[in-house]
Amino acid sequence: MIKKHSLLNKELNKIFNIELVGLKVVYESGKIDKPRTYEKEFKSDEEALKFFYKKEWEMLKKGFVLNNPEATFGNAKLHYFTSSGYSGCLSFANTPNDIFVYEQGSYDDPKDQYDFLINIDKSGNLKSKIKLPDILPWDIQYNSSNNSLLIKLDHHIYTFNINDQSFHKIADREKGNWASFISIAKKAYAYGTNEQLTVKDFDNTILFNQNYKVEIIKGSNCFSATLSKTKNIIALHNKLGEVELFDFKTNNYLKTIKGDFKGIDKMEFVASDSILILKQHYHQPLLYINVEKNEQVYYPSLEIPEYFKGVVDFCLNKEASKLVLSQGNKAHVYDMENKKHLHSFKIEHSVKTANIKFIDNDLGVRTDYGCFSLYTV
């Protein structure tokens, strides 16, 4: 095995280059003009690779950044250490110029808990660090209509104006069931918390408003919602085995999709909103529903090419031409249009889980170990 990574700490003017060749790891570290070289040999490929990642992780935590714009398919273009944190909260969002990534703050004092968003460019240069008005940003999405972020922040819903760096709370969690969501589409945006779902246009006129109840199944909320990409549809899942569809412009109920599926924690419309992808709790395979025919369709070539088919997370690029499925420390990339598996690769610096989302043409990954990365896919 041959593997080589180069990291840079601009503040300290230091480099860290590490290379794995067979069973030997060679690395150099120090000032750019006079680094020191070290090498170590191991008895197995596994030991050598483990040491490679361990040394790199040590340097990432010290402020070094991997930036490799020429990375080939399945390799990292960027590694940036943010922080460790609660593994269920690994949010980030892309904007035309920058990336906003969750960074854990402090929970030591119950009366003064706080978290941050860090604002970096696509080369890993830190531009700003923003203290959040509440903890745990479960989800962040970019609203291009007004250059803002829509944030699900400890189940409160906020907007963040990027131009003037201001937060505005638009929905309060209060005492309702803690089941919430945010969604942004071409014509509108939607959010739900405190058991109330709202759809607004980009002038903030309310188009649709509805209360909802949430079933608790084995300790998990049976709840998810999303907007269609271009049509006026909102999908709501709050009952086991059911997804309701509404027209948010006419306020009309459209239909109920029923099936033998578990609780759904993520949904997305694709193929001109004719297919609805459902991700179930407890790491099950994805389900694909033909919305018009109200029936499940099967794409065996889009299954994970391993014995265990369960999906931890999925995402699509803007054109929905590529699909990525994650499972533990692996990512599987598919040609969505031709229903073809392209490549699988290791997600580096991850323990058990990661949040994945496309950043332009690259795959953005925020791991439970505290690393934010971009991969060429």
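1. Val324 makes contact with Asp313, Phe314, Cys315, Ala331, His332, Val333, Ile356, Phe358 and Leu363, leaving aside residues up to four places away in sequence. The model is predicted, and the points below should be read with that in mind.

2. Val324 also belongs to the largest nonpolar core, which has 32 residues. Together with Val25, Leu363 and Tyr375, Val324 touches the most other members of that core.

3. The most is given by α1, which supplies eight residues.

4. Another core lies apart from the largest one and has 18 residues. Ala190, Leu207, Phe208 and Phe246 are among them. As general background, nonpolar side chains in soluble globular proteins tend to be buried together.

5. Four strands form an open sheet in the order β25-β26-β27-β28, and their pairing is antiparallel. β25 (264-270) and β28 (295-297) are the edge strands; each has a single partner strand, so one side of each has no neighbour in the sheet. On average, neighbouring strands here are turned by 35 degrees against each other, direction ignored.

6. Strand β26 (residues 275-280) pairs with strand β27 (residues 287-290) over four bridges, in the antiparallel sense. Which residue of β27 stands opposite Ile277? The residue is Tyr288.

Note on methods. Residues numbered from 1 in each chain as written. Predicted model: local features only at pLDDT ≥ 70, side-chain atom pairs only at ≥ 80, totals over all residues. Heavy atoms only, no water. Core = buried A, V, L, I, M, F, W, Y, C linked by side-chain atoms within 4.5 Å. Buried < 20%, exposed > 50% of the residue type's maximum accessible area, 1.4 Å probe, protein only. Helix = DSSP H or I, 4+ residues; strand = E, 2+ residues; numbered from the N terminus. Contact = heavy atoms within 4.5 Å. Pairing = 2+ DSSP bridges. Axes fitted to C-alpha atoms, helices over the stretch in contact; angles between N-to-C directions.
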